Amino acid sequence: MTLTFAKKTGTAVVLGPGGPVGTAWLAGLAAGLRREGVDLGAADLIVGTSAGAIVGAILAVGGDLERLAVLPAPTDPGAGGVRPDPRRLAEVFATLGDTGLDRTEALRRVGRLALAASTGDEGAAVARMRSLIGAAEWPDRPLLIPAVDAGTGEAVVWDRHGSASLPEAVAAGTAFPATAPPITIDGRRYLDGALRDGTNLDLADGASVLIVAEPMAHLYGTSDGAAGERGVVVRLVPDAEAIEAFGPDLNDRAAWGPAYQAGVGQAPDAAKAVRAHSAIA
């Protein structure tokens, strides 16, 4: 299923992937923007990929971003059991980097690796996402969360009209192969939405203003995504202080607090950039 933003006017917010550290930076940036009078949750559309799915869901439900200043402890004792499988993870990156493979075939192979990896209980992963989001129900406002079918390699985009609950959609959309368990929805297993198309900018085609926050821009550059109809693009990326706070490993949970504060620190300048093109508040 592929969805695009049909509205030709309005503001779309696209939040990209970035692991736990990128999640913290996005949360801090969004919380800081609220302090500056700019509420990304008031956008006409929110697209959240991987780390961006967590923060996008919190924004869309009007949740408290400042409670993420410190990495929340799992409320379910089993919810902290998600763990990476280093051997499988190395195979995942090797497969994704194999230029001789058709993209869909590469994703099918990655799906098989993800299903074979030992990464914890998927029910606990869903419970963890419910705790982080602070809500179980989809908001009324448009929120899109992409994921990829582990069996077929095909993309799906979850929204409030689909069969996934909000915590299930976020858990599926953040299930990077060999770092988190694939999530079962309607008998299918699903993986991280970044596998679809990076930041998934094409899902916001048609917006007159596109605000794109990319935690991994310093590593992989900014994402153009598939060609489409776009208006003004405002890009928010980590500055030098944020990059130093991140450290070398975006999965390092010890960097959560510094990354969050780095996002807060970038908010005043980000607010000026957003206000120059959009009236969201």
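Arg-109 and Glu-105 form a salt bridge in this predicted model, with 3.0 Å between the closest N and O atoms. Both residues belong to helix α4, which covers residues 103-116. They are four residues apart in that helix, or about one turn.

The two partners can also be described by their accessibility.

Arg-112 forms a salt bridge with Glu-105, and here the closest N and O atoms are 3.7 Å apart. These contacts belong to a network of salt bridges that links Glu-105, Arg-108, Arg-109 and Arg-112.

Another salt bridge joins Asp-149 to Arg-188, with the closest N and O atoms 3.0 Å apart. This pair connects distant parts of the chain, as 39 residues separate the two partners. Asp-149 lies in strand β3 (residues 143-149), while Arg-188 lies in strand β6 (residues 188-192).

Arg-188, with a relative accessible area of 35%, is partly exposed.

The pairs described here are among the 11 salt bridges found by a search of the whole structure.

Methods
Residues numbered from 1 in each chain as written. Predicted model: local features only at pLDDT ≥ 70, side-chain atom pairs only at ≥ 80, totals over all residues. Heavy atoms only, no water. Salt bridge = Lys/Arg side-chain N within 4 Å of Asp/Glu carboxyl O. Helix = DSSP H or I, 4+ residues; strand = E, 2+ residues; numbered from the N terminus. Buried < 20%, exposed > 50% of the residue type's maximum accessible area, 1.4 Å probe, protein only.
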